[in-house]
Amino acid sequence: QVQLVESGGGLVQAGGSLRLSCAASGRSFNNYDMAWFRQAPGKEREFVAYITSGGSTNVADSVKGRFTVSRDNAKNAVYLQMNSLKPDDTAVYYCAANLYAYTDYKRYTYWGQGTQVTVNS
């Protein structure tokens with residue numbers, strides 16, 4: 001079992017930055033691949049980025065060059081650094097964990113409760 005808690009969301013002006021954190025508890029965090037997804041009102045949950053247990057990353061084209069995913073295994077945490085934010089980035093951001101990384105949210109076993117990010121123009 002893995003429990004995930006996101007933090008760091010908030011209201012920011014376009015062009016600004018936020019850093020999301022996801023704290024994990026439970027056993028064997030180091031073995032899990034971690035991902036960030038987001039969901040805007042009326043839209044399907046969308047892949048943002050993942051980082052494998054080995055540190056390999058994959059970032060969605062829509063945020064490439066602006067968002068960076070990282071993890072600190074000593075702290076059982078994963079982060080999403082978001083720069084040059086746009087109003088289209090407004091969504092609830094979710095942290096997810098799975099033994100294997102996918103871009104399909106349906107493949108993930110464990111989820112956090114989400115944190116709201118709102119970007120004003």
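Trainee: Which backbone oxygen lies 2.8 Å from a polar atom of the side chain of Asn98?

Mentor: The backbone oxygen of Tyr100. A polar contact here is a pair of N or O atoms within 3.5 Å; within protein, one must be able to donate a hydrogen and the other to accept it, and residues adjacent in sequence count only if both atoms are side-chain atoms. This is a predicted model, where local features need pLDDT of at least 70, side-chain atom pairs count only at pLDDT 80 or more, and totals for chains, interfaces and linings use all residues. Residues are numbered from 1 along each chain as its sequence is written, and side-chain values use heavy atoms, with hydrogens and water left out.

Trainee: Is Asn98 buried or exposed?

Mentor: Asn98 is buried, with a relative accessible area of 8%. Buried means under 20% relative accessible area, exposed over 50%, partly exposed in between, with a 1.4 Å probe and protein chains only.

Trainee: And what is Asn98 in contact with, leaving aside neighbours within four places in sequence?

Mentor: Tyr32, Asp33, Arg107, Tyr108 and Thr109. Contact means heavy atoms within 4.5 Å.

Trainee: Where does Asn98 lie?

Mentor: In strand 9. Helices (H or I, at least four residues) and strands (E, at least two) are DSSP runs, numbered from the N terminus. Asn98 is also the bridge partner of Asp33.

Trainee: How many bridges join strand 4 to strand 9?

Mentor: Seven, and the two strands run antiparallel. Two strands pair if DSSP finds at least two bridges between them. Strand 4 is mostly covered, with six of its seven residues buried.

Trainee: What about strand 4 and strand 5?

Mentor: Those run antiparallel too, joined by five bridges. Met34 has Ile51 as its bridge partner in strand 5, and Phe37 has Phe47. The two strands form a hairpin with six residues between them, and Gly42 in the turn has a positive phi of about 75 degrees. Strand 5 is mostly covered as well: five of its six residues are buried.

Trainee: Then strand 5 goes on to what?

Mentor: To strand 6 (residues 57–59), in the antiparallel sense over three bridges. Ile51 stands opposite Thr57 there. That hairpin has five residues between the strands, and Gly55 takes a positive phi near 100 degrees.

Trainee: Different topic. How many disulfides?

Mentor: One. Cys22 and Cys95 form it, with their sulfur atoms 2.1 Å apart; the criterion is a pair of cysteine sulfur atoms within 2.5 Å. Cys22 is in strand 3 (residues 18–26) and Cys95 in strand 9 (residues 91–98), so the pair links distant parts of the chain, 73 residues apart.

Trainee: Which hand?

Mentor: The link of Cys22 and Cys95 is left-handed, with -80 degrees about the S-S bond. Both Cys22 and Cys95 are buried.

Trainee: What order does the open sheet of four strands have?

Mentor: 1-3-8-7, with antiparallel pairing. Strand 1 (2–7) and strand 7 (67–72) are the edges, each pairing on one side only. Strand 3 and strand 8 (residues 77–82) pair over six bridges, and Arg19 has Gln81 as its bridge partner in strand 8.

Trainee: Last one: how many residues has the largest nonpolar core?

Mentor: 37, and those with the most contacts inside it are Leu4, Met34, Trp36, Leu80, Met82 and Tyr93. A nonpolar core is a set of buried Ala, Val, Leu, Ile, Met, Phe, Trp, Tyr and Cys residues joined through side-chain atoms within 4.5 Å. The elements giving two or more residues to this core include strand 1, strand 5 (46–51) and strand 11 (115–120). Leaving aside neighbours within four places in sequence, Met34 is in contact with residues including Leu4, Cys22, Ile51 and Cys95.
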